[in-house]
Each structure stands twice: as C-alpha cells, then as structure tokens.
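Please look at the sequence and the structure shown here.

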Amino acid sequence: MRTCQAVFIYFDKNLWYEKTDQPCLARSWNLSDDLGQIEYIFSDKTGTLTQNAMVFRQCTINGRVYKGDASSAAANEDVARIGTVPEAEASGSTAGDGRASRASSHKNSSSSSTTTDPLNADAVKKAEHVLVHFRDTELEADIATAREARSGSADDRHGRMLNGFWTVLALCHTALVSVDPASGAIQYKAQSPDEAALVQAAADVGFVFRGRDREVLTLQTPFSRDGELERYELLNILDFTSARKRMSVILRKIGDERDGGGKVYLLAKGADNVIIERLSPGQDDAIRTTEDHLAEFASEGLRTLTLAYKAVPGT
C-alpha cells in the first residue's frame, strides 16, 4: 500500500518541480502517514515556503508612480547594459569627456567586458535571488527631460526629487560590489535579497554604485556634471533594528563646492510610519499622496519601503 502511495506522489504533476524537471521523491515509507496527520501549516513570511526571490516592482516619487516595464525583453536579460565612465575618468584624469549615457554601444565595450575593476564595468548582472532588471520608459523620459530643464522649473524640481530618491537607494546600504569574471558586469552581493534588489534597481535606472574603497563610496548618476563620478566619504552607518525600524547612513560629498562638495547628508530608508513622522513640516499634500500610493502597493501584496534624505545644516 505504501509503495503505491509513493508511486502516486512520484507521478503527481502538482508536485513536479518544473525548474529542474524533477518529480517528488518519497524517501520515507512513513511519508503518507505523516502527511495525513497535518492539519495546519505555520510559517514566517519570507524564505520558508517561498523562493525568497525579489523583484523591484514599482515606486512613487514626488507624486508620480513608476510601475516599470516588466514585460520588456531588457528586463529579463541576465546582464543589462548601463552607462560607462568617460574615458578621462577611467584613465584617472580629472576631467570627463561628456555625460555618461545608457547607450548600448561605446568605445570601451570590448575592453570592459573582461575588466575586473567596477569603475570600468559597462553592465550590471542580476544579483542572486533577484529575478528581473527594473526598466521604465516613462522614468527614463522624465530623467532625460530633467537633465535639460531650466533651473527652477517644474521639471527641474522633479529631477531633484528623482536624483534624491535613487541616490538614497544607491548609497544607503551595506552591499558589496563584485565583477562577474565571465561577463565583466557588476554584480551586487548583499546580506538579503531585498537590499540587493534595491541597489540593482538604482543601477538599472542609471544610478550605479561603483564600489567602496575604505570609507569612500563611488556613484555614477545621470545628473553628474560632465559625467564625472560622484564620491562620498562614509561618516557613519546606523544599522536597521527592530526598535529603529530604519537604516541610515551619514555621508560627506567629496568635490568642489559648486557641486555640493563638503556638504554632509543623512540618507534613510525604513518603515513608512517611522520615516513620515520625521519629515519636515509643510509637506502634507505630498505625504497624503505618498500614503495613498503606499496603500495601493500594499493592496497588491507588495512589500513597501520609504526613503528620505536631509542636508545637515551648517555644512
């Protein structure tokens, strides 16, 4: 009888693992007896009965929701092309040749495909447990518009919010940067799939975390002057705890004063109730809109995270 039950388990299509094309193997004769006694299954919400795989689905920035182009072919590629460092940056010069762009072809593509230096890598490979790259044509158009916008205009103000949002994602973490030897692409290593998915999403948009050298963080953004890399000195990390419900980093920007060099920034990410109650006054409309969007995300079964930043006064 138990042999027949094991055969039924083996041929049960609902127990077939399509990813490896393997059936369920009953390795114990008592398996059917044990399964028959199970009435309830208790599990934590991550990892136990799931693949623990993460996808950056959508975001709300300054009242606009970007839902991503999940069906695009580029989103499903294992390695996605990103903008590269200008030749002058890569060779150690202090001046860049032009803004970094997310073009699919460039002078250094052949040499950087085998590089081991994250500063020269021209692509991002999907991190472990991260299923897709984040692509959003509307977001790309808004970034392009903001780069050309007149100072003080509505597009310029929205561009500043975009820059702040993705910079927080790209820098507020403890992820490490490695270069995949086969593809020469950047790959992020993090303590959790959540963190890796967030840093990778920022890189997919063009805010590429290029690595940490001692206490100096290197970032490439679409808004950098002449395509030069931005560098920040890491002053402190305030880790996430169950009491704080948020993670924060304190950074000092390195560079000329005209580019904000010398300013100290506090970047934070965490639970919405903890972040929102610490925002400066006068943002009631923006907070209300953001809370509506967060409620919409939660109703779709998505895990949510809120970001904030502040320039420390007197710096």
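The model is predicted. It contains an open sheet of six strands, in the order 7-8-9-10-11-12, and the pairing is antiparallel. Which strands stand at the edges? They are strand 7 (208–213) and strand 12 (306–311). Each of these has a single partner strand, so one side of each is left without a neighbour in the sheet. From one strand to the next, the twist averages 30°.

Strand 7 is joined to strand 8 (residues 216–220) by five bridges, and the two run antiparallel. Phe209 has Leu219, in strand 8, as its bridge partner.

**A helix across the strands**

Helix 6 (residues 154–171) lies across strand 7, strand 8, strand 9 (230–238), strand 10 (246–254), strand 11 (264–270) and strand 12. Relative to strand 12, helix 6 runs at about 105°.

**Salt bridges**

Side chains of opposite charge can pair when their charged atoms come close. In this model, the count comes to 13 salt bridges, taking a side-chain nitrogen of Lys or Arg within 4 Å of a carboxyl oxygen of Asp or Glu. The table lists some of them, including the pair formed by Lys67 and Glu296.

| Pair | Closest N and O atoms |
|---|---|
| Lys67 and Glu296 | 3.6 Å |
| Arg212 and Glu215 | 3.3 Å |

Lys67 is partly exposed, at a relative accessible area of 48%. Glu296 also counts as partly exposed, with 30% relative accessibility.

Arg212 pairs with Glu215 in another salt bridge. Arg212 has a relative accessible area of 45% and is partly exposed. For Glu215 the value is 39%, which again counts as partly exposed.

Is Glu277 buried or exposed? Glu277 has 58% relative accessibility and counts as exposed, because exposed means over 50%. At a relative accessible area of 49%, Arg278 is partly exposed.

Definitions and conventions: Residues numbered from 1 in each chain as written. Predicted model: local features only at pLDDT ≥ 70, side-chain atom pairs only at ≥ 80, totals over all residues. Heavy atoms only, no water. Pairing = 2+ DSSP bridges. Helix = DSSP H or I, 4+ residues; strand = E, 2+ residues; numbered from the N terminus. Axes fitted to C-alpha atoms, helices over the stretch in contact; angles between N-to-C directions. Contact = heavy atoms within 4.5 Å. Buried < 20%, exposed > 50% of the residue type's maximum accessible area, 1.4 Å probe, protein only.
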